[in-house]
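User: I would like to go through a protein structure step by step. Could you show it to me first?
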Amino acid sequence: MARWDEILSLPVQSPPTLEFSSTDLVWSKVEGWRDNIDRLALVPFARVDDFLRGESNNKECPTRFHVEARRRRAPKMRYKAKVDGILEYILYWCSFGPDDHRMGGIVRPSRSTYVPKHKPSGRPNTKRGCTCHFIVKRLIAEPSVALIIYNQDKHVDKKGLPCHGPQDKKAAGTRAMYAPYISEELRLRVLSLLYVGVSVETIMQRHNESVERQGGPCNRDDLLTHRYVRRQERSIRRFLYELDEDDAVSLSMWVESHQNYVFFYEDFSDSDPVTLGIQTEWQLQQMIQFGNCRLLAYDSRFGSNKLKYPIHSLVVFNSENKAIPVAWIITTRFASRDTYRWMRALYNRLHAKDPAWKLAGFVVDEPSADIRAIRDIFQCSVLICFWRVRHACHKNLMKRCSDMKMCAEVSKKLGNVVNKICKGPDTANVFEDFIEDCVDAEEFMDYFKATWYPRIGIWAHALKTLPIASQETCAAMEFYHKQLKLRLLNEKDESVYQRADWLVNKLSTKVHSYFWLDEYSGKEDFARYWKDEWMSGPTAWRRSLKISDAHVVMDGKCAKVTSLNDDDTTHLVRNPGSEYAICDCSWAKMGNLCEHVFKMIKFCRDTGSVTPSIAMYQYSQALINMLHCPPFDSLVRDQAVSLAIWVQMQLNVQFGPDSTQDKGNTAEQQTPEPSMDSTDKVNHSPGKDISYQAENQTMVKRRCTDCEVRDFGDSPIGALLEVPSADMEVDSSSISTPADTNIVYRRRQHGSVAARP
């Protein structure tokens with residue numbers, strides 16, 4: 001028992017990388033069986049696969065490990081709880097062993113009636129008697145922990161000589177120099193290209209060209225064979241998604257055969273519908289990489305009009321702030337308790353891989369989302385994205401109203417109503433005036449009353465209590481929604497939309513492949529095979545940054561913006577400077593925010609002709625309120641100042657150091673200082689707003705109070721608070737909290753915004 005006491009007292013190690021090897025662990029030596037000394041370590045059982053990948057990618061001796069032996073207890077098997085009891089035993093062996101197919105080598109018979117086969121082709125390179133192996137035990141005392149016993153960690157044969165890899169001189173010129181199988185990245189690339197319709201010959205041609213450019217093979221991936229690719233193509237072509245005539249049975253069979261893809265599953269019951277959560281290993285890696293200290297967005301209820309089961313997507317934003325789906329949830333019901341269960345399961349799976357992972361914010365597009373569950377699970381602030389409402393209203397307005405001037409007027413009034421609710425004390429009652437003022441657009445107003453009027457109250461409450469996501473986030477969500485629609489809902493036979501087995505199969509194969517190829521740097525080599533489903537590139541917000549001010553011409557209350565693709569084409573933008581503007585381009589007519597609208601928003605804010613957006617208004621209010629902390633909140637104030645300086649650095653990285661402080665000083669010289677009369681003085685009562693926002697003023701001015709330090713001068717804080725609103729429209733996903741700074745979120749208390757440490 002002393003041995004097990006010593007083992008269970010060891011720390012559980014989980015290196016903060018996606019994969020790790022034996023060199024990343026601290027090994028302990030404990031007395032084992034027959035007075036042997038075992039070399040062992042404890043890791044989370046969920047990270048055994050990460051250890052396998054890291055150990056296989058050994059640069060000195062690349063290899064793979066296979067399961068040589070496995071024993072496990074049945075889930076319902078009764079057992080006695082004891083300290084040395086084992087739930088699962090797995091023996092992993094280097095794939096170059098344990099048999100030795102070289103001349104004079106020893107081959108272990110798999111059974112007493114073993115008959116040697118006279119087919120030596122390829123075997124001397126795959127089985128060379130390697131003795132490297134390790135044991136994984138899952139203990140009854142700690143089911144979430146794996147005990148790794150790694151006594152034979154050298155890739156040598158029984159004679160103690162290197163038997164494969166660069167150190168084996170006899171392996172030179174053979175495949176034993178490299179790993180026995182291709183890497184996971186190459187396997188995903190081949191499968192993704194095959195799923196989207198690229199031929200086997202083209203894949204091999206591009207692969208061989210890349211190998212020739214580098215001067216010949218230098219790793220196992222360079223030895224990709226035509227036979228392997230053809231075999232993968234054949235299996236894809238012959239696969240049938242309909243595993244059973246009964247859709248529920250077929251879905252259960254798919255889940256049983258794709259356990260690595262499923263993080264949550266609840267089958268049909270008398271009271272509850274089916275709920276299925278899908279996340280591949282690649283999606284999990286993207287969530288860890290791009291979600292840590294950044295944003296996670298929730299796209300709810302995709303395909304509710306066509307699909308039998310709507311899709312709920314969780315997306316992160318990559319380095320270009322484009323949305324990448326990291327999980328798909330398929331369910332018919334949007335209940336809070338259902339959301340909590342699958343969200344908790346996803347969080348547990350994520351933290352098993354990276355315990356230090358933490359969100360900076362969670363973006364929802366539906367006010368009925370379970371905000372309490374999100375805050376409880378992810379311990380972060382929650383933002384709301386208004387893109388779905390604006391997109392639906394814009395699309396139906398263009399469809400149901402043929403007069404463009406009337407469309408512009410209705411859209412402008414809708415934007416004013418939303419601004420009043422977010423900025424002032426107005427409630428959902430202001431929509432009554434909006435409906436009365438827009439009676440001329442009869443067909444659109446009928447749609448608005450039937451679809452959105454019953455939900456005005458809940459949306460108004462959400463807009464008042466939750467911070468609004470930035471316009472770049474809205475553009476990224478619109479772009480993802482369009483991508484998913486093109487890649488999923490393109491079947492000629494629409495009857496398949498009513499089957500869940502078709503849906504999960506296409507999501508995990510073809511749709512997943514398109515999003516994987518979006519992140520693949522060599523996708524341009526297959527440009528001739530691009531279809532509509534390959535829709536990629538920057539979002540409308542990013543494209544607007546490429547339009548220069550010289551391509552904008554103001555024409556009264558409208559603006560003309562020259563197209564990026566054709567200098568001879570101009571687009572007319574009505575209500576310029578507002579996200580509720582109307583543009584005549586094809587992308588805007590589908591209800592989306594186009595690059596011409598985004599360009600006019602930035603152009604008008606640079607000239608000071610429009611007020612800040614709702615997102616930037618709330619952002620400036622939060623900064624001012626943080627800097628007006630009472631004296632007894634000194635620690636909170638210090639954290640707020642630290643965060644503000646860090647945000648200033650983020651702004652400098654994205655827009656350059658001259659786009660904040662210099663422009664702020666210029667604007668300060670041109671804008672007169674407001675007089676401090678009785679209406680301008682700061683009110684420190686907890687029930688009232690402590691900031692002053694001048695009407696039509698385009699920058700936020702810092703005001704000193706008795707509890708403030710008065711010597712900011714030209715420090716980053718002063719520059720940050722004097723930045724023009726035109727330059728403060730920053731993507732919310734880039735404003736993430738650093739590791740040493742606590743997350744700041746908005747909490748409405750008596751109508752004011754507070755910062756929580």
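User: How many residues does the protein have, and what percentage count as buried?
Analyst: The protein has 757 residues, of which 52% count as buried. Buried means under 20% relative accessible area, exposed means over 50%, and partly exposed lies in between, with a 1.4 Å probe and protein chains only. This is a predicted model, in which local features need pLDDT of at least 70, side-chain atom pairs count only at pLDDT 80 or more, and totals for chains, interfaces and linings use all residues. Residues are numbered from 1 along each chain as its sequence is written, and side-chain values use heavy atoms, with hydrogens and water left out.

User: How many helices and strands are there?
Analyst: There are 24 helices and 19 strands in the protein. Both are DSSP runs numbered from the N terminus: helices are H or I with at least four residues, and strands are E with at least two.

User: Which residues have the most contacts inside the largest nonpolar core?
Analyst: They are Leu314, Phe362, Phe378, Phe434 and Phe448, in a core of 85 residues. Helix H12 (residues 404–423) supplies the largest share of this core, 7 residues. A nonpolar core is a set of buried Ala, Val, Leu, Ile, Met, Phe, Trp, Tyr and Cys residues joined through side-chain atoms within 4.5 Å.

User: What other core lies apart from it?
Analyst: Another core, of 39 residues, lies apart from the largest one. Among its members are Leu251, Trp254, Leu307 and Leu489.

User: Back to Phe378, what is it in contact with?
Analyst: Leaving aside neighbours within four places in sequence, Phe378 is in contact with Leu296, Met343, Tyr347, Trp357, Lys358, Leu359 and Phe362. Contact means heavy atoms within 4.5 Å.

User: And Phe434, is that buried or exposed?
Analyst: Phe434 counts as buried because its relative accessibility is 2%. This residue is found in helix H13 (residues 430–437).

User: Which residues does Phe434 touch?
Analyst: Not counting residues up to four places away in sequence, Phe434 touches Val410, Lys413, Leu414, Val417, Met445 and Phe448.

User: How do H13 and H14 pack?
Analyst: H13 and helix H14 (residues 442–451) pack at an angle of about 155°, with their axes 10 Å apart. H13 is therefore roughly antiparallel to H14. Angles under 35 degrees count as roughly parallel, over 145 as roughly antiparallel, 65 to 115 as roughly perpendicular and the rest as oblique. Axes are lines fitted to C-alpha atoms, for helices over the stretch in contact, and angles run from 0 to 180 degrees between N-to-C directions.

User: Which residues make that contact between H13 and H14?
Analyst: H13 contributes Phe431, Phe434 and Ile435, while H14 contributes Met445, Phe448 and Lys449. These residues divide into 5 nonpolar, no polar and 1 charged. Here Ala, Val, Leu, Ile, Met, Phe, Trp, Tyr, Cys and Pro count as nonpolar, Asp, Glu, Lys and Arg as charged, and the others, Gly among them, as polar.

User: What about H11 and H12, at what angle do their axes cross?
Analyst: The axes of helix H11 (residues 387–400) and H12 cross at roughly 155° and come within 10 Å. H11 is therefore roughly antiparallel to H12. The contact is made by Cys393, Leu397 and Met398 of H11, together with Met404, Cys407, Val410, Ser411 and Leu414 of H12. By type, the residues of this contact are 7 nonpolar, 1 polar and no charged.

User: New topic: which peptide bond is cis?
Analyst: The bond from Gly97 to Pro98 is cis, with omega near 0°. Pro98 lies in the loop between strand S4 (86–94) and helix H3 (123–126).

User: What is the phi of Asn321, and where does this residue lie?
Analyst: Asn321 has a positive phi of about 60°, although it is not a glycine. Its place is in the loop between strand S10 (311–317) and strand S11 (323–331). At 6% relative accessibility, Asn321 counts as buried.

User: Lastly, where is Ile458?
Analyst: Ile458 is in helix H15 (residues 456–465). This residue counts as partly exposed, because its relative accessibility is 38%. Leaving aside neighbours within four places in sequence, Ile458 is in contact with Pro367 and Ser368.
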